[in-house]
Amino acid sequence: MKIKLAAVVVFYKPSSGNINNYLKYIDSVDKLYVVDNSDDDIKRIKETPKIEYIKLGENKGIAYALNVGARKAILEGYEYLLTMDQDSKITSKIVNEMVDFLKNNQDERIGLISPYHDIKTFEAKPTKKIEEKLEVMTSGNIINLKAYKDIGGFKDWLFIDGVDIEYGLNLNSHDYKVIRLNYIIMPHELGATSVYHFLGKKVLCSNHNAVRRYYMIRNTLYINDLYKDKYPDYCKFLISCQKGQVKRVIFFEKDKFKKIKLMIKGYFDFKNHKVGKMR
């Protein structure tokens, strides 16, 4: 069975190395949409019959850019969409293995499949080969475009951060499955992760910049509002994670005053129902 698979990669002022990452997986997709959020006039990639370059002219956020690619794919008759960050190093081998899973598991309730994102963490690696999850990171996923339409796509107003969490919870709340294939491993960088030592314990810090900290706080609170009734334990976990991040910023990270200032702004912008790009 032929799987009609397109891909979308979102650019934002990418390095030359970032730009060329698509070469590692282009052979495994039928079409690639390059959606460029950069706010300049540079055209970063040559178009071909297989590659469509879409220049937005300003940073409209990851969710908006993903929606541009998804809607293009739907209009052109694709069933599935590979969603990619510019710095992700996925290979055709990984994409092909995920496509094989879809071919062998023709379940219309599969809303998304994901590789295992190999990030720096103290958590033990999963022992199950396949797991159903509430959410996974966006990059390297193959999404079911029928499910995408059913749930209303990615939420543009989140802009960045939490977009993947909300999408997974939205799929689950509509009785779609989010499946992580732990036997397919994709290397992934999460922030500028570093390890600190405190009272004989190791502490992991992501060192995200102040603007990202703003979105993390604000959007976690919005996600909690949307899903706390259906997924109360998980939403409590998300809130506790952000509380832990506040402590890490205060005790270990650089630029802490700017970060705390924007985290407080994120809290009050949530309270004041502000969405979209930070103003």
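Tyr214 is buried, at a relative accessible area of 1%, where buried means under 20%, exposed over 50% and partly exposed in between, for a 1.4 Å probe and protein chains only. This is a predicted model, in which local features need pLDDT of at least 70 and side-chain atom pairs count only at pLDDT 80 or more, whereas totals for chains, interfaces and linings use all residues. Residues are numbered from 1 along each chain as its sequence is written, and side-chain values use heavy atoms, with hydrogens and water left out.

**Aromatic pairs**

- A pair of aromatic rings is described by the distance of the centres and the angle of the planes.
- Rings of Phe, Tyr and Trp (its six-membered ring) pair if their centres lie within 6.5 Å; planes under 30 degrees apart count as stacked, over 60 as edge-to-face and the rest as tilted.
- By this rule there are nine aromatic pairs.
- One of them joins Tyr148 and Phe154, a tilted pair because the ring centres are 6.0 Å apart and the planes stand at 55°.
- Tyr148 is buried at 4% relative accessibility, and Phe154 is likewise buried, with a relative accessible area of 4%.
- The rings of Tyr214 and Tyr215 have centres 5.0 Å apart and planes at 80°, so this pair is edge-to-face.
- Tyr215 is buried, with a relative accessible area of 3%.
- One aromatic cluster is formed by Tyr148, Phe154 and Tyr167.

**Charges over rings**

- A charge sits over a ring if NZ of Lys or CZ of Arg is within 6 Å of the ring centre and within 35 degrees of the ring normal.
- Lys129 places its charged end over the ring of Tyr183, 5.2 Å from the centre.
- Lys4 lies over the face of Tyr78, with 5.8 Å to the ring centre.

**Helix H5 and its contact with H6**

- Helices (H or I, at least four residues) and strands (E, at least two) are DSSP runs, numbered from the N terminus.
- Helix H5 (residues 163-173) and helix H6 (residues 210-227) have axes that come within 11 Å and cross at roughly 10°.
- H5 is therefore roughly parallel to H6.
- Angles under 35 degrees count as roughly parallel, over 145 as roughly antiparallel, 65 to 115 as roughly perpendicular and the rest as oblique; axes are lines fitted to C-alpha atoms, for helices over the stretch in contact, and angles run from 0 to 180 degrees between N-to-C directions.
- On the H5 side, Ile165, Glu166, Leu169, Asn170 and Ser173 meet Ile223, Leu226 and Tyr227 of H6, contact meaning heavy atoms within 4.5 Å.
- By class, this contact of H5 with H6 has five nonpolar, two polar and one charged residues; Ala, Val, Leu, Ile, Met, Phe, Trp, Tyr, Cys and Pro count as nonpolar, Asp, Glu, Lys and Arg as charged, and the others, Gly among them, as polar.
- H5 is largely enclosed by the rest of the structure, because nine of its eleven residues are buried.
- The buried residues of H5 are Val163, Ile165, Glu166, Tyr167, Gly168, Leu169, Asn170, Leu171 and Asn172.

**Residues with positive phi**

- Most residues other than glycine have a negative phi, and most peptide bonds are trans.
- Asp161, although not a glycine, has a positive phi of about 75°; its place is in the loop between helix H4 (145-151) and H5.
- Asp161 is buried, with a relative accessible area of 13%.
- Asp175, which follows H5, has a positive phi near 65°.
- Asp255 is not a glycine either, and its phi is positive at about 60°.
- Asp255 lies in the loop between helix H7 (232-251) and helix H8 (256-271) and is partly exposed, with a relative accessible area of 48%.

**Selected positions**

- Val99, found in helix H3 (residues 92-104), is buried, with a relative accessible area of 10%.
- Leaving out residues up to four places away in sequence, Val99 touches Ile3, Leu5 and Ile142.
- The C-alpha atoms of Val99 and Lys4 are separated by 9.8 Å, with the two residues 95 apart along the chain.
- Asp225 lies in helix H6 and is partly exposed, with a relative accessible area of 43%.
- Asp225 and Cys235 are ten residues apart along the chain, and their C-alpha atoms are separated by 8.8 Å.
- Lys277 has its place in the segment after H8 and counts as partly exposed at 34% relative accessibility.
- Neighbours within four places in sequence aside, Lys277 is in contact with Asn59, Phe159 and Tyr215.
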